[in-house]
Each structure stands twice: as C-alpha cells, then as structure tokens.
Amino acid sequence: MNWIDNFVRPKIRSFLSNKRETPENLWVKDPESGEMVFYRDLEANQWVVPNSGYHMKIKPADRLATFLDEGKYDLVPVPAVPVDPLKFRDQKRYTDRLRESRAKTGYDDSVIVATGKLYERPVTIAIQDFDFMGGSLGMAAGQGIITGLETAARLKTPFVLFVSSGGARMQEGVLSLMQMPRTTVAVLRLREAGLPFFVVLTNPTTGGVTASYAMIGDVHLAEPGALIGFAGQRVIEQTIREKLPKGFQRSEYLYSHGMVDMVVHRHNLRSTIGSLAAILTNAPPNEAITAFSPKAITAQTSMRDAAVAAEGDDDIDPPAAAAHAE
C-alpha cells in the first residue's frame with residue numbers, strides 16, 4: 001500500500017494535471033466589430049485592428065519603441081511625492097491600490113517621462129498609462145508632467161505628451177486638483193522658452209486632464225475614435241435634458257468643431273509630429289521625413305498642409321460611418 005500511495009498515485013495525478021493549457025490572451029476581440037484578432041498581428045500593427053482600424057490601448061513601452069528612432073529612449077526619473085497624504089480608504093487602502101497598479105504596470109505612477117530622438121532630433125516625451133488607476137491625475141502624475149516640461153525646457157527640445165486619463169484621482173482629494181494649475185504654469189514656462197508642445201489625445205481623455213494641460217498645447221492631435229471630453233455623455237444629457245448628436249465627444253466630431261487640430265492615424269503620428277516639430281523649430285529639412293511623405297514638406301508649408309503631406313492623403317476626416325475607421 002505504501003508503494004501505491006507514495007509512488008503510483010502521485011504519478012497518476014501529475015500525468016492528469018500536466019495538460020497543455022492554451023494561453024487566454026492569444027486572441028483579442030475587436031470592441032467595434034467583434035472580430036477576433038491574433039495578438040501578435042495586433043502587436044505588429046501597433047495595436048490597431050487591421051480590418052476595422054480600431055485603435056486599442058497601447059503600452060507606454062510599445063508606444064516609445066514605435067515612435068522614437070530605433071526604439072531607443074532613456075527614462076527620466078520623476079521626483080518622489082508623499083504617498084497617501086490623506087490616509088484614504090474605500091473598499092481598499094489607497095496604498096494597496098498603488099501597490100497593485102505598480103505590480104501590474106511596472107511603473108511608479110501613471111505618467112512616464114523619456115527622452116530620445118525623433119528623425120535624428122532630440123525630443124522629450126511623456127505618456128499617461130491608462131492601466132495605472134485609469135491614468136488618473138494625482139500628485140505623482142502631476143509631478144511627472146512638470147518634470148517632462150522642465151526637462152524639455154532644460155534640453156531645449158520639443159515636448160510631446162500622449163494623454164489618456166479618466167480624470168483627477170479622488171484618493172488625493174484637493175491635492176490632485178492642485179495639479180491642474182501646477183501643470184499649467186509649467187506649460188507657460190515651456191512656451192516662454194519658445195519650444196513647441198504637442199498633445200496627442202488618445203482614448204479616453206476626460207475630466208480634469210482635459211480641463212488643464214491636455215487642452216493648452218500648441219498643436220492638438222487625436223487618434224481616430226478617441227473619447228475626449230470633460231463630463232460623460234450621460235451626465236451631460238441628464239443636465240441639459242437633450243439627446244446629444246451621434247459621435248459626440250469623439251475625435252472626429254471635435255475636429256469638425258475646431259477643438260482638435262488633426263485626427264491622425266497611429267501609424268502616421270511619428271512622421272506628422274516630426275514634420276511639425278521641424279517646422280516650429282526652424283530645423284533644416286530631413287531626408288527621412290521627405291522620403292516617407294509622398295509630398296515634399298518645406299519650411300514654407302502651412303501646419304495643416306505639412307500634416308496632410310505626412311499622412312499621405314488629403315482626407316483627414318475619416319468616414320462618418322465608422323468612428324474608428326482608418
């Protein structure tokens with residue numbers, strides 16, 4: 001009996017338990033069409049669904065790798081801020097939520113700052129990670145934005161901000177709201193230095209972020225189909241007691257009403273921002289940009305024409321039938 005208990009049964013259990021398990025994340029469902037897409041195809045396409053053109057969320061590391069030259073960048077350390085100054089607790093302690101988000105994303109907070117080169121020219125970038133507590137704006141995130149702006153002013157480079165946020169972080173109360181004027185002052189200092197500030201609005205961009213630094217850039221670009229606004233559509237409809245138009249608060253609607261300068265496909269953000277940065281800093285022409293574009297981009301070209309040339313077609317507005325269409 002000992003031989004059966006100690007050897008045979010464990011062998012049988014191990015044989016039965018060692019079934020090959022298929023990873024759950026091999027296929028990703030397109031939220032728009034319901035199509036199942038192989039995740040490696042999505043990754044190779046910068047997390048844009050090939051058929052529908054739906055722009056899915058992209059991790060900061062993937063964004064930096066595809067946006068900067070050769071995917072090379074250096075992370076900029078962000079000064080530490082007080083953790084849980086209000087000793088906040090709801091269903092969980094605020095410190096526990098921070099710990100979980102840091103383990104999930106690998107970053108200290110929702111804003112990552114980096115330096116690198118865009119078409120051989122230095123640039124400073126900040127990215128808001130929606131996976132970190134919904135990209136919410138707190139003291140650490142505000143300090144990250146300020147650090148990025150100050151780094152750009154110190155290195156005399158353009159500043160590019162990829163925004164994705166659900167708004168201010170309630171766990172820090174009024175301290176999170178104070179980041180709105182703090183970041184606004186930092187933007188004004190960058191403007192005084194004569195350096196361009198590019199804002200890329202991604203899905204979603206809402207709340208206090210929209211009411212502060214996300215809407216005071218020099219050029220506002222948006223990814224197709226991105227949700228951009230302050231209050232939610234349901235709240236607005238209940239307040240004004242009217243039905244809002246179709247596509248309200250989407251990037252295409254805001255572009256047609258003058259709130260956004262351009263709606264740019266993710267694949268074309270690199271060339272578009274590279275072109276605009278060269279124009280606004282009076283940099284000499286770069287053959288890499290002109291070779292990519294079917295039209296020549298010169299210093300005399302208007303900002304809109306430069307973006308159109310970088311995109312490769314004259315139709316910036318996507319089809320009305322599909323908000324996320326390419």
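Modeller: Let's begin at one residue. Leaving out residues up to four places away in sequence, Thr206 touches Ser165, Gly166, Gly167, Gly229 and Phe230. Keep in mind that this is a predicted model.

Colleague: Where does Thr206 sit in the chain?

Modeller: In the loop between strand E7 (197-205) and strand E8 (219-222).

Colleague: And is Thr206 buried or exposed?

Modeller: Buried. The relative accessible area of Thr206 is 16%, and the cut-off for buried is under 20%.

Colleague: What does the side chain of Thr206 reach?

Modeller: The backbone oxygen of Gly166, at 3.4 Å. Gly166 is also among the residues that Thr206 touches.

Colleague: Which residues is Pro31 in contact with?

Modeller: Tyr54 and Met56, once neighbours within four places in sequence are set aside.

Colleague: How far is Pro31 from Ser52?

Modeller: In sequence, 21 residues. In space, 9.9 Å from C-alpha to C-alpha.

Colleague: Now helices. How do H5 and H7 pack?

Modeller: Helix H5 covers residues 139-155 and helix H7 covers 179-192. Their axes are 9 Å apart, at an angle of about 5 degrees. H5 and H7 are therefore roughly parallel to each other.

Colleague: Which residues make the contact?

Modeller: On H5, Met139, Gly142, Gln143, Ile145, Ile146, Leu149, Glu150, Ala152 and Ala153. On H7, Gln179, Arg182, Thr183, Ala186, Val187, Arg189 and Leu190.

Colleague: What classes of residue are in that contact of H5 with H7?

Modeller: Nine nonpolar, four polar and three charged.

Colleague: Zoom out. How many helices and strands in the chain?

Modeller: Twelve helices and nine strands.

Colleague: How much of the chain is buried?

Modeller: Of the 326 residues, 47% are buried.

Colleague: And what about the accessible surface of the chain?

Modeller: About 17400 Å². Carbon and sulfur atoms account for 54% of that surface.

Colleague: Last one. What share of contacts join residues at least 24 apart?

Modeller: 66%, taken among contacts between residues at least 6 apart in sequence.

Key. Residues are numbered from 1 along each chain as its sequence is written. This is a predicted model: local features need pLDDT of at least 70, side-chain atom pairs count only at pLDDT 80 or more; totals for chains, interfaces and linings use all residues. Side-chain values use heavy atoms; hydrogens and water are left out. Helices (H or I, at least four residues) and strands (E, at least two) are DSSP runs, numbered from the N terminus. Buried means under 20% relative accessible area, exposed over 50%, partly exposed in between (1.4 Å probe, protein chains only). Contact means heavy atoms within 4.5 Å. Accessible areas come from the Shrake-Rupley method with a 1.4 Å probe; for residues, only the protein chains shown count as cover. Axes are lines fitted to C-alpha atoms, for helices over the stretch in contact, and angles run from 0 to 180 degrees between N-to-C directions. Angles under 35 degrees count as roughly parallel, over 145 as roughly antiparallel, 65 to 115 as roughly perpendicular and the rest as oblique. Ala, Val, Leu, Ile, Met, Phe, Trp, Tyr, Cys and Pro count as nonpolar, Asp, Glu, Lys and Arg as charged, and the others, Gly among them, as polar. A polar contact is a pair of N or O atoms within 3.5 Å; within protein, one must be able to donate a hydrogen and the other to accept it, and residues adjacent in sequence count only if both atoms are side-chain atoms.
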